[in-house]
Amino acid sequence: MAGTGPEVTREAVKVLEVASQKFGFKLNFTNYDIGGDRYLRTGEILPDSVLAELRQFPVILLGAIGHPDVKPGILEKGILLRARFELEQYINLRPVKLYDERFCPLKDKKPEHIDFVVVRENNEGLYTGAGGFVFKGTPHEVALQESVNTRRGVERCLRYAFEYTRKRNKDKKLTLSGKTNVLTYAFDLWERAFHEVGAKDFPDIKRDYAHVDATTMWFVKNPEWFDVIVTDNMFGDIITDLGAMIQGGMGIAAGGNINPQGTSMFEPIGGSAPKYTNQGVINPLAAICAGQMLLDFVGETQAAKAIETTVIRTVREQIKSLAAGKMGYTTSQVGDLIAGAL
Ligand code: IPM
Ligand code: MN
């Protein structure tokens with residue numbers, strides 16, 4: 001790694017270690033040096049041998065991808081997207097939860113208004129790399145980028161979202177966010193599958209639909225309307241950056257890349273903010289929250305709850321701002337605060 005990945009991961013591991021002692025379970029860490037530094041040193045991005053080993057683990061905690069000296073795109077595609085695809089992490093789970101109203105840029109919105117989860121499809125859509133050029137470099141150049149939506153891929157994502165909504169047990173409402181008015185093939189499939197699966201197997205879950213553009217409007221105007229949102233890969237990418245901002249920014253937003261039958265991977269959802277590398281100013285809370293999601297996922301729910309409660313309290317009572325360099329503490333001090341309070 002490098003960029004701020006190693007700095008935030010160190011703090012997440014610190015908190016996980018304390019949680020494991022306190023709640024009496026054992027964590028066996030295996031560290032992999034994957035990222036910008038290694039790439040610059042050896043030319044390797046994510047070697048096949050490492051990928052094969054990663055399949056043996058139940059979960060991965062990923063730092064943040066990006067390095068000041070590596071051209072954007074190489075590490076993102078070569079590590080993050082490759083892991084998501086090859087490990088078939090077909091769900092990207094991104095909770096949007098405001099921990100303190102001071103961190104919300106929206107007027108009059110409080111923690112009770114911002115508490116929803118985005119289930120983003122993570123293996124299909126515009127991210128498969130399907131497409132190509134014709135007449136490249138000529139005035140007649142054509143660039144095609146195809147959105148791939150399979151019944152199997154869409155349905156397994158929808159089923160996960162319905163199950164998740166049921167288990168979350170908040171409003172029992174699942175909103176499909178799409179663009180049925182323009183993407184008349186892709187979202188026709190999504191919409192049909194949504195209602196078929198919902199009517200047949202999840203009659204207890206309310207089904208709701210919003211166009212993706214309207215979804216961004218509601219995020220700002222009435223975020224309290226949402227419980228769980230399900231959407232495709234590209235739309236999910238876009239709306240979760242907005243989601244991150246209304247919950248306090250990239251410093252706190254975490255997510256999970258989930259393969260319910262395989263190896264899942266938890267990460268801060270933002271990039272590695274390379275310009276802050278090795279200054280001790282980056283906010284490790286997103287990585288710490290990724291660790292919290294990881295524990296919840298592996299069934300250490302009490303420990304996960306305790307980390308969340310501690311983060312909420314610390315954020316409310318001590319942290320000045322969630323932005324890099326403005327927290328009132330260094331990166332490792334924030335980790336110490338959480339670990340200590342836990
Ligand atoms: C994210 C990121 C990635 C994505 C990039 C880095 C490829 O923006 O995890 O949201 O587009 O999925
Ligand atoms: Mn993104």
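Predicted model: local features only at pLDDT ≥ 70, side-chain atom pairs only at ≥ 80, totals over all residues.

User: Okay, which residues surround ligand 1?

Analyst: A residue counts as near a molecule if one of its heavy atoms lies within 4 Å of it. Here the surrounding residues are Glu76, Leu80, Arg84, Arg94, Arg120, Tyr127 and Asp237. Helix 4 (residues 74-86) gives the largest share of this shell, three residues; helices (H or I, at least four residues) and strands (E, at least two) are DSSP runs, numbered from the N terminus.

User: Which side chains have an N or O atom at 2.8 Å or 2.6 Å from an oxygen atom of ligand 1?

Analyst: Look for polar contacts, meaning pairs of N or O atoms within 3.5 Å; within protein, one must be able to donate a hydrogen and the other to accept it, and residues adjacent in sequence count only if both atoms are side-chain atoms. The side chain of Arg94 comes to 2.8 Å from a ligand oxygen, and that of Tyr127 to 2.6 Å. Asp237 also has a polar side-chain atom 2.8 Å from an oxygen of ligand 1. On its own the ligand has 320 Å² of accessible area, and the protein covers 77% of that (Shrake-Rupley method with a 1.4 Å probe; for residues, only the protein chains shown count as cover).

User: Is Ser272 buried or exposed?

Analyst: Buried means under 20% relative accessible area, exposed over 50%, and partly exposed in between (1.4 Å probe, protein chains only). Ser272 is buried because its relative accessible area is 2%. You'll find Ser272 in the loop between strand 10 (264-268) and helix 9 (285-297). Its side chain reaches the backbone oxygen of Gly66 at 2.8 Å. Contact means heavy atoms within 4.5 Å, and beyond four places in sequence, Ser272's contacts include Gly3, Thr4 and His67.

User: And Lys326, buried or exposed?

Analyst: Lys326 counts as exposed because its relative accessibility is 56%. Lys326 sits in the loop between helix 10 (301-317) and helix 11 (331-341). Apart from neighbours within four places in sequence, Lys326 is in contact with Lys320 and Ser321.

User: Which residues touch the most other members of the largest nonpolar core?

Analyst: In soluble globular proteins, nonpolar side chains tend to be buried together. A nonpolar core is a set of buried Ala, Val, Leu, Ile, Met, Phe, Trp, Tyr and Cys residues joined through side-chain atoms within 4.5 Å. In the 75-residue core, those residues are Phe116, Val119, Val230, Leu285, Leu295, Val311 and Val315. Helix 9 contributes the most to this core, eight residues. A second, separate core of 15 residues includes Leu46 and Met265.

User: What covers the buried residues of helix 11?

Analyst: The cover includes helix 1 (5-23), helix 9 and helix 10. Among the buried residues of helix 11 are Val334, Leu337 and Ile338.

Definitions and conventions: Residues numbered from 1 in each chain as written. Chains lettered and ligands numbered in written order. Heavy atoms only, no water.
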